[in-house]
Amino acid sequence: AVLSRIDSVEETIKAYVTVTRQEALAKAAQIDAKRLNGEKLGPLAGIPVALKDNMCTNGILTTCSSKMLHNFLPPYDATVTELLQDAGTVLVGKTNMDEFAMGSSTENSAFFTTRNPWDVKRVPGGSSGGSAAAVAAGEATFSLGSDTGGSIRQPAAYCGVVGMKPTYGRVSRYGVVAFASSLDQVGPVTKDVKDCALVMNAIAKYDPRDTTSADVPTPDYTQGLDGNVKGMKIGVPKEYFVEEIDPGIKDTVRKAIDVLVSLGAEAEEISLPHTHYGIPAYYLIAPAEASSNLARFDGVQYGFRAEGADSLIEMYKKTRSEGFGSEVKRRIMLGTYSLSSGYYDDYYLKAQKVRTLIKQDFDEAFKKYDVIITPTTPNTAFVSGTVEDLLSMYLNDICTIGVNMSGLPALSVPCGFAEGLPVGMQFIGKAFDEATILKAAYAYE
Ligand code: GLN
């Protein structure tokens, strides 16, 4: 059914870089044979899944939507790929994204732009735009995205689906092409909160192959989904309801918070005073880490190699000039600059200090509150091609970045519409307390 849905809508939505039709049919048949044999099946047996194209899949194209990796066939699976296989899922394809996960609209893909299923003139958000559009359009039952500054939650909000960034260290990054290693985290994009909990059960696991993976126990995330939020303390930070946020978004989210209050939760206005330093600090730290991570793409080991160079250095230069798109190059240059001697202290080090202040705001708030609720995005999905200046695109991450800077888990849930387009409400939790935000979001939903 999912493959025939892909046949009928993919030409319009363009969520996929690769559709793994043959592999999917073979895997489904295999699982069915097991079922008929009475063998034990995994908890997600037969469920069609799509993976963002920055997650390695053995022998299946993994492009990061970049010319640099247009022909890259990984020789191994990412841990998340493996875990989903173990759970019995059927991979139906790899989804389009902003090149190397840099962007908020999927317009930075080197291949094509994905469209928002609610209005195909509009972007699906990014960078996991293909993953969100695929789920929203019924082209996958769920998908995985990666979130460095909002790339799961923002497209989930724009496409009217559920998206969660787990706590940093909760889900393995092994085999996921790195953008900014201290911020990147993989998470589910699903149709509802219960599916999100089920997928978390499959992918949240300590992994010795990722040195930042946290060796902490993982609960059964479906356990707390009982609709009971009586006495739950919700902090509502005033810095997320400022002028930059569209009135339609603020109204919709406030009404959604009222629903939780009517269920017995207690909501209070709080302050996270360093919120507005999030974007400038993020746009130093993320490019700095990216400039280091992307140094490996030099035409020798992976993917694309430019023709016609007559020395090794020339080959590096030509490969990187031709292989990377302009946003990726901009980030590499910004990052290299802020890490260089003489500028390091002024930019990178200062940004890291600001990062600590942002985290301390959250630590302070979580002494008193169980969850923090904000809008996921400052606006609804915009029309493709209309955000031309970079700063406006960067400002789009205003509601999501603090969470990555602090390593916290956060979940975006559809909470209504503004001018006919989906609005997302963001639930932010304490580190490793995904269970509480799932519980609250489930009660709301
Ligand atoms: N929009 C942000 C950026 O461009 C976040 C991207 C992400 O989370 N991968 O960096």
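Colleague: Is Thr-106 buried or exposed, and how is that decided?

Modeller: A residue is buried if 20 or more other C-beta atoms lie within 10 Å of its own, exposed if 12 or fewer, and partly exposed in between, with C-beta atoms placed from the backbone. Thr-106 is buried because 34 other C-beta atoms lie within 10 Å. Its phi is positive, about 65°, although Thr-106 is not a glycine. Thr-106 belongs to the loop between E3 and H4; helices (H or I, at least four residues) and strands (E, at least two) are DSSP runs, numbered from the N terminus.

Colleague: What kind of model is this, and how are the residues numbered?

Modeller: This is a predicted model, in which local features need pLDDT of at least 70 and side-chain atom pairs count only at pLDDT 80 or more, while totals for chains, interfaces and linings use all residues. Residues are numbered from 1 along each chain as its sequence is written.

Colleague: How many helices and strands does the protein chain have?

Modeller: The protein chain has 14 helices and eleven strands. Its radius of gyration, taken over C-alpha atoms, is 21 Å, close to the 22 Å that the globule rule gives for 445 residues, so the chain is as compact as a globular protein of that length. The globule rule is 2.2 Å times the number of residues to the power 0.38. Of the 445 residues, 54% count as buried.

Colleague: Where does UniProt place the feature "active site"?

Modeller: The unreviewed UniProt entry places it at Lys-52, Ser-127 and Ser-151. These residues are spread over 100 residues of sequence, yet they cluster in space, with a largest C-alpha distance of 10.8 Å. UniProt positions are given in the numbering used here, feature names are shortened, and annotations may be inferred rather than shown by experiment.

Colleague: What surrounds Lys-52?

Modeller: Two residues are in contact if their C-beta atoms, placed from the backbone, lie within 7 Å. Not counting residues up to four places away in sequence, Lys-52 touches several residues, among them Thr-95, Met-97, Ser-128 and Gly-145. Lys-52 is part of strand E2 (residues 48-52) and counts as buried, with 33 C-beta neighbours inside 10 Å.

Colleague: Where are the two serines found?

Modeller: Ser-127 lies in the loop between strand E3 (90-95) and helix H4 (129-136). A cis peptide bond, with omega about 5°, joins Gly-126 and Ser-127. Ser-151 lies in the loop between strand E4 (142-147) and helix H5 (153-159). Ser-151 is buried, with 36 other C-beta atoms within 10 Å; beyond four places in sequence, its contacts include Ala-101, Gly-126 and Ser-127.

Colleague: Which residues are the closest to the ligand?

Modeller: A residue is near a molecule if its C-beta atom, placed from the backbone, lies within 6 Å of it. Of the 13 residues that surround the ligand, the closest are Ala-101, Ser-104, Thr-148, Gly-149 and Ser-151. The shell has four nonpolar, seven polar and two charged residues. Ala, Val, Leu, Ile, Met, Phe, Trp, Tyr, Cys and Pro count as nonpolar, Asp, Glu, Lys and Arg as charged, and the others, Gly among them, as polar.

Colleague: How many bridges join E5 to E6 and to E10?

Modeller: Two strands pair if DSSP finds at least two bridges between them. E5 pairs in the antiparallel sense with strand E6 (residues 185-190) over two bridges, and Gly-163 stands opposite Val-189 there. E5 also pairs in the antiparallel sense with strand E10 (residues 410-418), over three bridges, where Leu-411 is the bridge partner of Met-164.
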